Amino acid sequence: MRRIIYADEDEFERASFGRTLVLIAGGHGIEATVTTVKNGRELVEAVRSGNYDLCFTERATSGMRGSGAIGYSAIKQIREDGNTIPIYFLTGALMGIDEEVSGSGATGYIDKLKTSKFEEINRAIQRYLGGN
């Protein structure tokens, strides 16, 4: 069983995107569970205590200080802890995203406004979780 963690302040987004991730993984023959958290502090704590294979996070969510709140500060803390989990920002605001990705240690970002976002999520799941 592969484990994905997803962080977003919005309860509806957590529930719907969490189910979407399970369906995408299942389409590749990957049995996956998705844990959702609502802020940066919860994300850092969950990653510290869990053994996750892949992380998606909203770029700007509360619970941590600093640029992009959840995204930047939480990812930076996860990297400072020595965790190498692949982490993708999900964002519709691209201004400054390249600097945030490199500065935080994120693996990359997915533009939520692009029609190809599910193809990009598919590629990330296949790359880091395997499957067909």
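This is a predicted model: local features need pLDDT of at least 70, side-chain atom pairs count only at pLDDT 80 or more; totals for chains, interfaces and linings use all residues.
Contact, as I use the word here, means heavy atoms within 4.5 Å.

**Overall layout**

I began with the contact list. Among contacts between residues at least 6 apart in sequence, 60% join residues at least 24 apart. I then went through the secondary structure and found five helices and five strands. Reading along the sequence, I get β-α-β-α-β-α-β-α-β-α. I also looked up burial: of the 132 residues, 46% are buried.

**Helix 1**

I checked the length of helix 1, residues 11-27. Its 17 residues should span 24 Å at 1.5 Å a residue, and I find the end C-alpha atoms 25 Å apart, which agrees. Next I asked which residues of helix 1 are buried. I have Arg14, Ser16, Phe17, Gly18, Leu21, Ile24 and Ala25 down as buried. I made a note of Arg14 being in that set. What covers them? The cover includes strand 1 (2-7), strand 2 (32-37), strand 3 (54-58), strand 4 (87-91) and helix 5.

**Helix 1 against helix 5**

Helix 5 turned up in that cover, and I followed it. Two packed helices are described by the angle between their axes and the distance between the axes, and I looked up both. The axes of helix 1 and helix 5 (residues 117-129) come within 10 Å and cross at roughly 60 degrees. The two helices are therefore oblique to each other, since the roughly perpendicular range is 65 to 115 degrees. I have the crossing down as right-handed.

Then I went to the residues. From helix 1, Phe17, Thr20, Leu21, Ile24 and Ala25 meet Phe118, Ile121, Asn122 and Ile125 of helix 5.

**His28**

I stepped past helix 1 to His28, in the loop between helix 1 and strand 2. Is His28 buried or exposed? I count His28 as buried, because its relative accessibility is 12% and the cut-off for buried is under 20%.

**Tyr128**

My last stop was Tyr128, in helix 5. With a relative accessible area of 23%, Tyr128 is partly exposed. Setting aside neighbours within four places in sequence, I list Arg2, Asp53, Leu54, Pro86, Tyr88 and Thr107 as its contacts. For Pro86 I also have the C-alpha separation from Tyr128, 7.5 Å, across 42 residues of chain.

Terms used: Residues are numbered from 1 along each chain as its sequence is written. Side-chain values use heavy atoms; hydrogens and water are left out. Axes are lines fitted to C-alpha atoms, for helices over the stretch in contact, and angles run from 0 to 180 degrees between N-to-C directions. Helices (H or I, at least four residues) and strands (E, at least two) are DSSP runs, numbered from the N terminus. Angles under 35 degrees count as roughly parallel, over 145 as roughly antiparallel, 65 to 115 as roughly perpendicular and the rest as oblique. A crossing is left-handed if the near helix is turned anticlockwise from the far one by less than a right angle, and right-handed if clockwise. The expected span of a helix is 1.5 Å times one less than its number of residues. Buried means under 20% relative accessible area, exposed over 50%, partly exposed in between (1.4 Å probe, protein chains only).
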